[in-house]
Amino acid sequence: MDSKIINFIAKEQVCALSVLLSDGVPHIATVHYSHTENPLRIFIQTSNTTTKAKALVNRENAKAAIVIGFSEEDWLTLQMRGDIKIVSNKDELEEIYKIHYKKHPDAEQYKGPQTIFLEFKPTWWRFTDFNTDPETIVEQ
């Protein structure tokens with residue numbers, strides 16, 4: 001992935017996450033995220049009582065979509081589709097805590113017995129820079 005896109009992901013703090021509920025209805029939420037670069041993985045802290053979390057219970061992998069970039073000043077956006085799961089491996093969680101709480105130190109105060117982390121792995125993405133004419137689109 002282009003360094004401009006990776007820098008954009010690192011700079012931004014919030015994304016819109018969409019998951020499908022068990023009845024096929026989409027559910028979307030705005031959430032804080034953290035990430036790793038290679039391979040690109042997006043991590044989201046939430047409670048096991050949220051609608052997005054309940055949609056993933058008893059599902060090893062589910063389909064999801066994420067959008068990063070909401071600023072009418074920056075005019076950059078990244079759309080992604082991929083797979084999402086609840087992370088249950090304790091060693092993986094320890095690494096995610098380090099990554100996530102480095103980017104969002106205030107989020108650690110909300111960590112408790114109902115806290116879970118979601119991991120999103122993109123299978124498709126499109127980055128659009130609307131600052132150029134015509135807009136620049138990079139897609140995979």
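At 42% relative accessibility, Glu95 counts as partly exposed in this predicted model, and the side chain of Glu95 meets that of Lys98 in a salt bridge of 3.2 Å, N to O. Lys98, at 55% relative accessibility, counts as exposed.

**Salt bridges**

- The structure holds 7 salt bridges.
- One of them joins Asp74 to Lys11, with the closest N and O atoms 3.1 Å apart. Asp74 lies in the loop between strand 5 and strand 6 and Lys11 in helix 1, so this pair ties together parts that are 63 residues apart in sequence.
- Asp74 is partly exposed at 29% relative accessibility, and Lys11 is partly exposed at 46%.
- Lys11 and Asp74 also belong, with Glu12, to a network of salt bridges.
- Another salt bridge connects Glu119 with Arg41, where the closest N and O atoms are 3.2 Å apart. This pair links distant parts of the chain, as Glu119 is in strand 7 and Arg41 in strand 4, 78 residues apart.
- Glu119 is buried, with a relative accessible area of 3%, whereas Arg41 counts as partly exposed at 22%. The cut-off for a buried residue is under 20% relative accessible area.

**Strand 4 and its partners**

- Strand 4 (residues 41-47) is largely enclosed by the rest of the structure, because 5 of its 7 residues are buried.
- Strand 3 (residues 34-36) runs antiparallel to strand 4 and is joined to it by 3 bridges. The two strands form a hairpin with 4 residues between them.
- Strand 4 also pairs with strand 7 (residues 115-129), in the antiparallel sense and over 6 bridges.
- Phe43 takes part in both pairings: Phe43 is the bridge partner of Ser34, and the bridge partner of Phe43 in strand 7 is Glu119.

**Backbone geometry**

- Most residues other than glycine have a negative phi, and most peptide bonds are trans.
- A cis peptide bond joins Asn38 and Pro39, with omega about 5 degrees. Pro39 is placed in the loop between strand 3 and strand 4.
- The peptide bond from Asp133 to Pro134 is cis as well, with omega near 0 degrees. Pro134 lies in the loop between strand 7 and strand 8 (136-139).
- Trp75 is not a glycine, yet Trp75 has a positive phi of about 60 degrees. Trp75 is found in the loop between strand 5 (62-68) and strand 6 (76-86), and Trp75 counts as partly exposed at 43% relative accessibility.

- Ile9 has its place in helix 1 (residues 3-11) and is buried, with a relative accessible area of 0%.
- Not counting residues up to four places away in sequence, Ile9 touches Met1, Tyr33, His35, Leu40, Ile42, Ile68, Leu78 and Lys103.
- Ile9 and Tyr33 are 24 residues apart along the chain, and their C-alpha atoms are separated by 9.4 Å.

**The largest pocket**

- The largest pocket has a volume of about 190 Å³.
- Its lining consists of Thr30, Val31, His32, Gln45, His100, His104, Asp106, Ala107 and Tyr110.
- These lining residues divide into 3 nonpolar, 5 polar and 1 charged.
- Strand 2 (residues 26-32) gives the most to the lining of the largest pocket, with 3 residues.

How values were computed. Residues numbered from 1 in each chain as written. Predicted model: local features only at pLDDT ≥ 70, side-chain atom pairs only at ≥ 80, totals over all residues. Heavy atoms only, no water. Buried < 20%, exposed > 50% of the residue type's maximum accessible area, 1.4 Å probe, protein only. Pairing = 2+ DSSP bridges. Contact = heavy atoms within 4.5 Å. 1 Å grid on protein atoms, 1.4 Å probe; cavity = no way out; pocket = protein on both sides within 12 Å on 5 of 7 lines; lining within 4 Å. Points joined across faces, edges and corners; volume = space filled by probe spheres on them. Nonpolar A, V, L, I, M, F, W, Y, C, P; charged D, E, K, R; others polar. Salt bridge = Lys/Arg side-chain N within 4 Å of Asp/Glu carboxyl O.
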